[in-house]
Amino acid sequence: MKRILIIDDEAAICSSLAFALEDKYEVMTTTDPADGVTWLEHDHYDLCLLDLKIGQIDGIDVLRQIKEVSPKTIVLMITAYGTIATSVRAVREGAYSYLTKPINIEELHSVIEQAFRYQHLNEQVDFLSQELEKKYSYEGIIGKSKAMKAVFHLIGKVKEVDSNVLLTGESGTGKELVAKALHFSGKRKKAHFEVVNCAAIPDQLLESELFGYEKGAFTGAISSKKGKFEQANGGTIFLDEIGDMPLALQVKLLRVLQEKVVTRLGSNREIQLNVRVIAATNKNLEEAVRKGEFREDLYFRLNVIKVPLPALRERKEDIPYLIKHFIGQFNEEMGLNVKGLTKQAQRILLDYEYPGNIRELSNIIESSMVLADDEYIEATDLPNQVRKINHASNGENGLYKSFIGLPLKEIEKHFILATLEANKGHRKKTAHMLGISERSLRDKLKHYEHR
């Protein structure tokens, strides 16, 4: 329920306005502007009805104080002196509009509703501007494998309902991307999508980040702040790495989910919530429950619908599509013109197991594109850990049998010269691949020339 504060020096007007508004809004009144400013400083009010002349006090001065302590509060001026000059002056100082006495109650309701619509549009503009600044991505999830088709089917089933969703899977499998897909393809897509990484925020700050706080609630709380649940009202909150949430905070989260209300730190006022909760974890929460590390009641509250995400090694047929996507993305971001991979490089990437999943593949493609000298990424452009694993897997194919019985120095020479040849004489790449300095490589080559 929206909260309205009325400041007028006539008690009868305060009473009549409160009576007219209290069915739709939570209303407080005062005849003392100093009290009104103090209340606005320490509590949240969506709108203030302010008399232009309060005894000997100029309402414009009070308006300035209100805008200083609570800039987001909408102010409607009430005046018996409704001249053009006073109305323009009030609007210039930050008032939304003005009403003249005697107040028409129907007009009052209409102007208040218009003001709240204006406030809502401003909040939406602020939100979208912040998202653009963050270069928010709405790209679709890439995958044609059977495992990903199962995920798409689940997203289609649950995107329009309000049930809580638990996303499970290894780190880097795209849980946040799925959470975004659920939100932006569903009925809440025009409202806020808020993300909280429960593992990245220190325990002592996580509670205030989730639930918000009032001014003075703790040292450093110099103003009131909405929590993520409040910001997500009407939309979706994504609780990433929920398995890392402290037990003490799990109790408070459970209450919020059960009662659909949130209370800011330092306040007793309950705020009604209409929020869809999507949680994600790379941990086995059932095992965590057995160990006493995660509350069972919270687990069941979150795990209404489970969406398991497959590891990349379980959907290798999607790797070529992902590679193509990342090459296009990084070409645009870095101003490059990489066309693809050589067959050898692609074979190595298809054989790799990806412990870091899609995130690791993205990093591999980005670094390889930076190192590539030609239009195609070669095997030698790939990171060491990817090539080493691939080379080790080929060890059983008789690759090294021809070197049996040769001195180590001779074997070293063969490997260095073969690597240099594979790199088309590129010494920097060869040294990088062999894990030695360019100077050491140069010295060894010079030594081979004089033998």
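## From a loop to the whole fold

Lys260 lies in the loop between helix H10 (247-259) and strand S13 (261-263). In this predicted model, Lys260 has a positive phi of about 55 degrees, although it is not a glycine. Most residues other than glycine have a negative phi, and most peptide bonds are trans. Tyr354, likewise not a glycine, also has a positive phi of about 55 degrees. The loop that holds Tyr354 runs between helix H14 (343-351) and helix H15 (357-371). A further point concerns a peptide bond: the one from Lys101 to Pro102 is cis, with omega near -5 degrees. Pro102 belongs to the loop between strand S7 (97-100) and helix H5 (105-133).

Five of the strands form an open sheet in the order S9-S12-S15-S8-S16, with parallel pairing. Which strands stand at the edges of this sheet? They are S9 (193-197) and S16 (305-308); each has a single partner strand, so one side of each is left without a neighbour in the sheet. On average, neighbouring strands of the sheet are turned by 20 degrees against each other, direction ignored.

The pairing of S16 can be followed in detail. Strand S8 (residues 165-168) runs parallel to S16 and is joined to it by four bridges. Within this pair, Thr168 stands opposite Pro308 in S16. Helix H7 (residues 175-184) packs on the sheet, where it touches S8, S9, strand S12 (236-240) and strand S15 (276-281). The direction of H7 makes about 150 degrees with that of S8.

Attention now turns to a pair of helices. Two packed helices are described by the angle between their axes and the distance between the axes. The axes of H17 (residues 408-422) and H19 (residues 438-449) come within 11 Å and cross at roughly 110 degrees. H17 and H19 are therefore roughly perpendicular to each other, and H17 passes H19 in a left-handed crossing. On the H17 side, the contact is made by Glu412, Lys413, Ile416, Leu417 and Leu420, while H19 contributes Leu441, Lys444, Leu445 and Tyr448. By class, this contact has six nonpolar, three charged and no polar residues.

Finally, consider the overall dimensions. The C-alpha atoms fill a box of roughly 105 × 50 × 40 Å along the principal axes. The protein has a radius of gyration of 32 Å, whereas a compact globule of 451 residues would have one near 22 Å.

Key. Residues are numbered from 1 along each chain as its sequence is written. This is a predicted model: local features need pLDDT of at least 70, side-chain atom pairs count only at pLDDT 80 or more; totals for chains, interfaces and linings use all residues. Side-chain values use heavy atoms; hydrogens and water are left out. Axes are lines fitted to C-alpha atoms, for helices over the stretch in contact, and angles run from 0 to 180 degrees between N-to-C directions. Helices (H or I, at least four residues) and strands (E, at least two) are DSSP runs, numbered from the N terminus. Angles under 35 degrees count as roughly parallel, over 145 as roughly antiparallel, 65 to 115 as roughly perpendicular and the rest as oblique. A crossing is left-handed if the near helix is turned anticlockwise from the far one by less than a right angle, and right-handed if clockwise. Contact means heavy atoms within 4.5 Å. Ala, Val, Leu, Ile, Met, Phe, Trp, Tyr, Cys and Pro count as nonpolar, Asp, Glu, Lys and Arg as charged, and the others, Gly among them, as polar. Two strands pair if DSSP finds at least two bridges between them. The radius of gyration is taken over C-alpha atoms; the globule rule is 2.2 Å times the number of residues to the power 0.38.
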